[in-house]
Amino acid sequence: MSTFTIPSTTRYVEAEGIRFAYRKFGKETGIPLVFFIHFRGTMENWDPELIGALAEDRPIILFDNSGVGETSGETPSTIAEMAKDAASFVYSRSMCLASQLVGS
């Protein structure tokens, strides 16, 4: 049984006037998996066992969407707004453009 814990060091990136909180860990090379949590969920809601297993082979990026957790801005009221804000995060200058997306 694994005892993986999600790293607690939070980084920040600014995109479209929103200060996004995220955590990047796992393998240093490869195409990162970016995890989209459910509406109003935070980075802490992911199952550490699942994340730990995936982090053995890939870079992992967890983030709080706008207005949730450690991220600034207003909480989106629609899925379309949530997706727009998430796209701003993924395509920000500090993130890589080539990634695979996972949602809950």
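Contact here means that heavy atoms lie within 4.5 Å. The structure is a predicted model, in which local features need pLDDT of at least 70 and side-chain atom pairs count only at pLDDT 80 or more, while totals for chains, interfaces and linings use all residues. Residues are numbered from 1 along each chain as its sequence is written, and side-chain values use heavy atoms, with hydrogens and water left out.

Helices (H or I, at least four residues) and strands (E, at least two) are DSSP runs, numbered from the N terminus, and two strands pair if DSSP finds at least two bridges between them. Strand E1, residues 11-15, pairs with strand E2, residues 18-26, in the antiparallel sense through five bridges. Within this pairing, Phe 20 of E2 is found opposite Val 13. Two residues separate E1 and E2 in a hairpin, and Glu 16 in the turn shows a positive phi of about 55°. E2 is also joined to strand E4 (residues 59-64), again running antiparallel, by six bridges. Here Ala 21 has Asp 64 in E4 as its bridge partner.

Next comes Thr 71, located in the loop between E4 and helix H2 (79-90). Buried means under 20% relative accessible area, exposed over 50%, and partly exposed in between (1.4 Å probe, protein chains only). Thr 71 counts as buried because its relative accessibility is 6%. Leaving aside residues up to four places away in sequence, Thr 71 touches Ile 18, Arg 19, Phe 20, Ala 21, Asp 64, Asn 65 and Ser 66. A polar atom of the Thr 71 side chain lies 2.9 Å from the backbone nitrogen of Ala 21, and the Thr 71 side chain reaches the backbone oxygen of Asp 64 at 2.6 Å.

Helix H1 spans residues 48-55, with Ile 51, Gly 52 and Ala 55 buried. These buried residues line one face of the helix, because they fall within an arc of 100° when seen down the axis of H1 (the arc is that of the directions from the helix axis to the C-beta atoms). Their cover includes E2, strand E3 (33-36) and E4. At the N-terminal end, H1 is capped by Asp 47, with a side-chain oxygen 3.0 Å from the backbone nitrogen of Glu 49.

Finally, Arg 58 sits in the loop between H1 and E4. With a relative accessibility of 22%, Arg 58 counts as partly exposed. Its C-alpha atom is separated by 6.0 Å from that of Pro 32, 26 residues apart along the chain.

Note on methods. A polar contact is a pair of N or O atoms within 3.5 Å; within protein, one must be able to donate a hydrogen and the other to accept it, and residues adjacent in sequence count only if both atoms are side-chain atoms.
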